[in-house]
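Here is a short tour to read alongside the model. Keep the viewer open and follow along as we go.

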Amino acid sequence: MTQAPEAPVALRQDQSVALSMAAAGKAQLFDYRQAANPVRRGLTEPIPEGRWGPELHASGPSAILPLDLSDELDCRGPATSPALSANFIRILAGETISAGANATSFLFYVWRGAGRCRRPAGALGGPVDQPWSQGDLFVLPCGEPAQLEAHEESVLYWVHDEPLLNHLGVSADRPRFEATHYPGEWLRRELAALAADPSSARSNRLSLLLANSDLPRSRTVTHTLWAMYGLVPAGAIQAPHRHQSVALDLVIACAPGCATLSGPELNADGTIRNPLRMEWEPGAAFVTPPGHWHGHVNESGEDALLLPIQDAALHTYLRSLDIRFS
Ligand SMILES: [Fe+2]
């Protein structure tokens, strides 16, 4: 690495800002070979494969419980990946939690319980008053904190993109979509219809991708977030796939014997080389890092449900999703 000389010469008058920056000693030059791939341990940390069991949200007072890997990622927390923050929100019956973030997208999935989401009218939009119950998913654009009132003891999975905005050094100030509710009853009915379709008979991947008509190009749930309501049938062994988006997976329901296998490389036969096996439990969450080959297996005798939330809408906009199947 080379530091800029104290007083670079031959800068034109209109480059006086650059001159003062260089003089302050910030300008550097690296040999390409030292800096071409800064994603490595000790520099830009690779994304770890975090896992959190359901005991995290099984008991205790009302609280927001971040799935925080910010120390490992060396970024401002709480963050579960460089762009996203996943949290469980535990709310006792009759209590209210305020869920606020400097984020473009708030996504809530009701893992259990029932209640109501209120957001007062603010400078960025009108009021929200949405009842929710088990299996519902709803998204809010940037704005005031969501006030989550629980009518019965509840656990919600909350994903937002504040870490991305922290990195950019910006505040969200322009809603890009309207608050949208996906009733659990509708999701369950549509997934059952998909599973019953004759064309699904040989598929080991039966999933609904949640979309918003405000975002017709990406077919995603918000302009940064991607959400899939997925069934992994009993006996399924999925062929591996990979993508450049990170997946923050919530296990909705399963019996023992379900897992996700993941790893950075494939064997010649298309299976994952030395895979890490993430065991599923209902209410557990785990991270699948970008670029890792992964597939779900269901060795139990019952169907299983998974909700991966990804930053795939952002990658789609950047044309960097690069999804591939083995
Ligand atoms: Fe995936």
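## Asp-129 and its salt bridge

Asp-129 has a relative accessible area of 42%, so it is partly exposed. Its side chain meets that of Arg-118 in a salt bridge, with N and O 3.1 Å apart. Arg-118 belongs to strand 7 (residues 105-119) and Asp-129 to strand 8 (residues 128-133), so this pair ties together parts that are 11 residues apart in sequence. Arg-118 is also partly exposed, at a relative accessible area of 33%. Please bear in mind, here and throughout, that this is a predicted model.

The structure holds 13 salt bridges. One of them links Glu-299 with Arg-277, whose closest N and O atoms are 3.3 Å apart. Glu-299 sits in the loop between strand 19 (293-298) and strand 20, while Arg-277 is in strand 17 (residues 276-279), so the contact ties together parts that are 22 residues apart in sequence. Glu-299 is exposed, with a relative accessible area of 53%, whereas Arg-277 counts as partly exposed at 34% relative accessibility. Salt bridges with shared partners also join Arg-116, Arg-118, Asp-129 and Glu-149 into one network.

For another example, look at Arg-33 and Asp-31, whose side chains meet in a salt bridge at 2.7 Å, N to O. Arg-33 is exposed, with a relative accessible area of 72%. Asp-31, at 32% relative accessibility, counts as partly exposed.

## The iron site

Which residues are the protein donors of the iron ion? They are His-241, His-243 and His-294, each through its NE2 atom, and they lie 2.1 to 2.2 Å from the iron ion. Along the sequence, these donor residues follow the spacing H-x1-H-x50-H.

Are His-241 and His-243 buried or exposed? Both of these histidines are buried.

Strand 13 (residues 226-232) pairs with strand 20 in the antiparallel sense over 5 bridges; here Gly-230 stands opposite Leu-306 of strand 20.

## The whole protein

Stepping back, the secondary structure of the protein comes to 6 helices and 21 strands. The C-alpha trace spans about 70 × 55 × 40 Å along its principal axes. A compact globule of 326 residues would have a radius of gyration near 20 Å, and the protein's value of 22 Å agrees with that.

Buried residues make up 45% of the 326 residues. The accessible surface of the protein comes to about 16200 Å², and carbon and sulfur atoms account for 53% of it. How do contacts relate to the sequence? Among contacts between residues at least 6 apart in sequence, 75% join residues at least 24 apart.

Terms used: Residues numbered from 1 in each chain as written. Predicted model: local features only at pLDDT ≥ 70, side-chain atom pairs only at ≥ 80, totals over all residues. Heavy atoms only, no water. Donors = N, O, S within 2.8 Å, 3.2 Å for Na, K, Ca; no water. Buried < 20%, exposed > 50% of the residue type's maximum accessible area, 1.4 Å probe, protein only. Pairing = 2+ DSSP bridges. Helix = DSSP H or I, 4+ residues; strand = E, 2+ residues; numbered from the N terminus. Rg over C-alpha atoms; globule rule 2.2 N^0.38 Å. Contact = heavy atoms within 4.5 Å. Areas by Shrake-Rupley, 256 points an atom, 1.4 Å probe, with all protein chains shown as cover. Salt bridge = Lys/Arg side-chain N within 4 Å of Asp/Glu carboxyl O.
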